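Please read them with the coordinates open.

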Amino acid sequence: MHFCLNSIKNFFLIVPCLVLVWGCWGCGRNPAQVSGSDRTLRLSGSRVKTLDPALASDLASRNMVAAVYDTLLEYDYTLRPYQLRPSMLTAMPLVNADMTSYTFTLRDDLYFQDDACFGTTSRQARKITANDIIFSFLRIADGRLHSPLFWMFRGKIKGIDAFRKATADQPANDCRLYERGISGMEIHDNRTFSIHLTNPDPRFLYALAIPCAAVVSRKAVEFYGEAFAEHPVGSGPFRLATWVRDYQLVLERNPEYRVEYFPHAANPSDRSRPLPLLDKVVFSVIKQPLSAWLLFLQGGLDMSALSKDNFEIVAGGGQLAPALARRGIELIRAPQFEICYIGFNFADPVLGGNLLLRQAISLAYNTDLRVRHFNYQIMPAQGPIPPGVAGYNPDFHNPYAEYSLELARELLRQAGYPNGIDPKTGESLTLTFDQNGNSTQYRQLAELMANDMQKIGIKIIPVLNNQSRFFQKIRQGQFQLFRLSWIGDYPDAENFLQLFYSKNAGSCNRAFYQDPEY
């Protein structure tokens, strides 16, 4: 796997997802005093940018889209390794022998939520049909929408690329190409349709469980226009009640959600209660982890993710501090499907063509120091593939993930920078290090990076960006070193290995890595 050694200098696998929860849903009262009929969940997180599935590229937006909309397939929450199961379908799709054609049959109890866009009180007008599925998928490919999720279908479905190219030149409200359809999407009747692929692809079904592939209503899209991102009309377990941007988003139970039960519910009486088990979700945007933590302690939140700064409440062995346990608070610990990494810019004239320089920087990067900095909430990774997916090799060892200043200095000399001196200037080699934020945590990580590289004579200039500026620079290749993470879209090694695929340069291939053989 020489490509990963050359393309990024080190990986972290974020392993424990540590979340504190009250023993039952409640507020600032003692959990034992809260009525069991209180079915409101209050939590906090990052800013939700959009509720349009085709535009939801960030995690916070995807999570909310998944609550309001439904997808053809979903994951079985109780099984590991991860396994798909039908969601809007009567059964898993039928697949032909060479895995190029999938046939789907919709359930007969699927309805979009009641909304003004339907202009009638007839429930039948809101029933989901095969036409809604095809419209939703073609919309992702519409060149006028510029959906960042088109990669899910690009080059895979017959005619999808031609459709994207054709729609890009059409007037904003012209939907004639939708009526014409494409050869790769075939409707048999109101509940049955097929998708035909250009090549065999056993991973294709994973894309249909991603929230971005949720089913939307054409009537709603046309009725709300550009405001559709703020007026979701879905068929998922919840519906939007209120949304004050950058402050709070409230979801309420969808009374017409398809009839499903959760037989593994902890409370036996909940096993016969139709999903969702909650009546309401109150999601508050709280940017500072400390603020969220204090609100949780006061009873204003039912869940709170631990950050490195409040990790000290957990004693040795991952046990919750007794004082918190006595208050009815519980600790949930589970792996996250995420890789954090430092990337090189392969389009950069200094880093891109100098393998020895990249290896020297990797060896000078103190991984153990980062593990301690995050209070042991992370563990080192040897490559881009996390545990839990096919392709992960627990025995793989990355020799350049080992901390060795001696070897780093020697490779730096061979790279043409003895003692870190740039022969062109006679001064220390200077590199920029971009991050997606300017909080205290990002400043601390920048200082760690600068201190590590200083030990081999390299000067680091930290660049702290807001999110929009950061990703603009990443897309345009205006960086040298950067720090970012990748959360898996589906449980297959390919989803992580695509970060180095040449054709993905400028999108998920942030490093602009190019290798014809790979």
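Which strands are included in what covers the buried residues of α14? The first point takes this up, after a word on conventions. This is a predicted model, in which local features need pLDDT of at least 70 and side-chain atom pairs count only at pLDDT 80 or more, whereas totals for chains, interfaces and linings use all residues. Residues are numbered from 1 along each chain as its sequence is written, and side-chain values use heavy atoms, with hydrogens and water left out.

1. Helix α14. The cover over the buried residues of α14 includes β17 (430-435), β18 (459-464) and β19 (481-487), where contact means heavy atoms within 4.5 Å. Helices (H or I, at least four residues) and strands (E, at least two) are DSSP runs numbered from the N terminus. In α14, which spans residues 467-476, the residues F470, K473 and I474 are buried; buried means under 20% relative accessible area, exposed over 50%, and partly exposed in between, with a 1.4 Å probe and protein chains only. Seen down the helix axis, the buried residues of α14 fall within an arc of 100 degrees, so they line one face of the helix; the arc is that of the directions from the helix axis to the C-beta atoms. Just after α14, G477 adopts a positive phi of about 70 degrees.

2. Helix α12. In α12 (residues 405-414), L405, A408, L411 and L412 are buried, and they cover an arc of only 125 degrees around the axis, which puts them on the same side of α12. What covers these buried residues includes α10 (355-364). Just after α12, G416 has a positive phi of about 100 degrees.

3. Nonpolar cores. A nonpolar core is a set of buried Ala, Val, Leu, Ile, Met, Phe, Trp, Tyr and Cys residues joined through side-chain atoms within 4.5 Å. The largest such core has 75 residues, and those with the most contacts inside it are L72 and M152. Helix α3 (residues 130-141) supplies the largest share of this core, 8 residues. Apart from it lies another core, of 45 residues, among them Y341, A360, L411 and F433. Not counting residues up to four places away in sequence, L72 touches P86, S87, M88, L89, F104, L106, I133, F137, F193 and L208.

4. The sheet containing β7 and β8. Four strands form an open sheet in the order β5-β6-β8-β7, with antiparallel pairing; two strands pair if DSSP finds at least two bridges between them. Its edge strands are β5 (94-95) and β7 (185-189), each of which pairs on one side only. Strand β8 (residues 192-196) is joined to β7 by 4 bridges, the two running antiparallel, and T192 in β8 is the bridge partner of D189. Helix α3 lies across β7 and β8, running at about 170 degrees to β7; axes are lines fitted to C-alpha atoms, for helices over the stretch in contact, and angles run from 0 to 180 degrees between N-to-C directions.

5. Strand β11. Of the 6 residues of β11 (residues 280-285), 5 are buried, so the strand is largely enclosed by the rest of the structure. Strand β2 runs parallel to β11 and is joined to it by 6 bridges, with T40 standing opposite K280 in β11. Strand β10 (residues 248-253) pairs with β11 in the antiparallel sense over 5 bridges, and there K280 is the bridge partner of E252.

6. V48 lies in the loop between β2 (40-45) and α2 (59-68), and is buried, with a relative accessible area of 3%. Leaving aside neighbours within four places in sequence, V48 is in contact with A60, S61, M64, W243, R245, L249 and F283. N504 is placed in the segment after α15 (494-497) and is buried at a relative accessible area of 2%. With residues up to four places away in sequence not counted, N504 touches R154, Q498 and N509.

7. Cysteines. With a disulfide taken as a pair of cysteine sulfur atoms within 2.5 Å, the count comes to 0 disulfides. C508 is in no disulfide, and the nearest cysteine sulfur, that of C212, is 13 Å away. C508 is buried, with a relative accessible area of 10%, and C340 also counts as buried, at 7% relative accessibility.
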